[in-house]
Amino acid sequence: MNKNNKEHRLREVKCPTGFNWSNLKAELKAVWESNIKDWKIDFAYPVSFIRQLISPLVFLLPFLIYGLALVGGRYSPNLKQLVGTDDVVAFIFTGYIMMGFIGTAVWAMGFSIRRERWFGTLEAIYVTPSSRLGQVLGMALHSTVHQILGTIIQFIVIYLTFGLALKIEGILPALGIFALMMLALYGFGIVISALGLILKEGWVVSDSLYSIMMILSPVAYPLAVLPTVAQQASYLFPTAPALIGMRSFLIENYQPEVVGNVFLHLLALGAAWILFGIVVFRVTDVYVRKRGMLKKF
């Protein structure tokens, strides 16, 4: 009897614990596999995938047309007086490309856990020895690459249609600013995904915070046109300083509204948002599991 029990007993697997290189590699592999899973889902629906690639361009065009119609042409003396450049197309384009990456943090990461519930895989993920945070980061990696592809399409079409007077020598420092901005946005997205665990319908949080961040980001208008309180509040989020810094390197004759060390500002924001996001996510994860709230999703 004991012999039969031994034969049919499931093999016990000891999972390593603690922070070490083996666990880090395992978590990174889990993040990568989550990213691959999302790409497989995208490729399973090619029409939807193509629509998502060209939608950033479609959403950009009304901003450009509206701006050109109000100004009465491509160049605006009033814009030049405010920020140092009169090129409406270059100003709006460099600002609008940030909208997609804001969506990466607010919508894609915020809905990463909720999507698993829709697919019926949430419970399976929660019983694996990997971190639930890896699922959120996997979705972030997938969405970032997806948005980069859409941005490339945007750039090609706008360049061929209007032409863009961008400084080539400013591309590398602008990419550095972009990387620091994404680091902070990932932390912001982790916070939203944690709130989605409690509220279940994450779109309530995502929609509200997305709208607030868009208002406080100088995407289609200079930061100087906002009230002083709004200008000060904008520096709590990474998009405003990142846009000011990137435009100062990319647009001819562009002068930042606020002189300061953009890199240090974004580095501090990135560290603060990442640390805050991880703490909030882990506390929320423990709370949700103890209360048995997953079954109510």
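Analyst: Let us begin with a term: a residue is called buried when its relative accessible area is under 20%, exposed when that area is over 50%, and partly exposed in between. Please keep in mind that this is a predicted model.

User: With that cut-off, is Arg74 buried or exposed?

Analyst: Arg74 has a relative accessible area of 18%, and because that is under 20% it counts as buried.

User: Which side chain does Arg74 meet in a salt bridge?

Analyst: The general idea is that side chains of opposite charge can pair when their charged atoms come close. Here the side chain of Arg74 meets that of Asp87, at 2.9 Å from N to O. This pair links distant parts of the chain, since Arg74 sits in the loop between helix 3 and helix 4, whereas Asp87 sits in the loop between helix 4 and helix 5, 13 residues apart. Asp87 is also buried, with a relative accessible area of 6%.

User: How many salt bridges does the structure hold?

Analyst: There are two, and one of them joins the side chains of Asp38 and Lys37, at 3.9 Å from N to O. Asp38 counts as buried at 1% relative accessibility, while Lys37, at 25%, counts as partly exposed.

User: Which residues have the most contacts inside the largest nonpolar core?

Analyst: They are Ile158 and Met181, in a core of 65 residues. Helix 9 gives the most to this core, with 15 residues. Leaving aside neighbours within four places in sequence, Met181 is in contact with Met98, Phe101, Pro238, Thr239 and Ala242.

Notes
Residues are numbered from 1 along each chain as its sequence is written. This is a predicted model: local features need pLDDT of at least 70, side-chain atom pairs count only at pLDDT 80 or more; totals for chains, interfaces and linings use all residues. Side-chain values use heavy atoms; hydrogens and water are left out. A nonpolar core is a set of buried Ala, Val, Leu, Ile, Met, Phe, Trp, Tyr and Cys residues joined through side-chain atoms within 4.5 Å. Buried means under 20% relative accessible area, exposed over 50%, partly exposed in between (1.4 Å probe, protein chains only). Helices (H or I, at least four residues) and strands (E, at least two) are DSSP runs, numbered from the N terminus. Contact means heavy atoms within 4.5 Å. A salt bridge is a side-chain nitrogen of Lys or Arg within 4 Å of a carboxyl oxygen of Asp or Glu.
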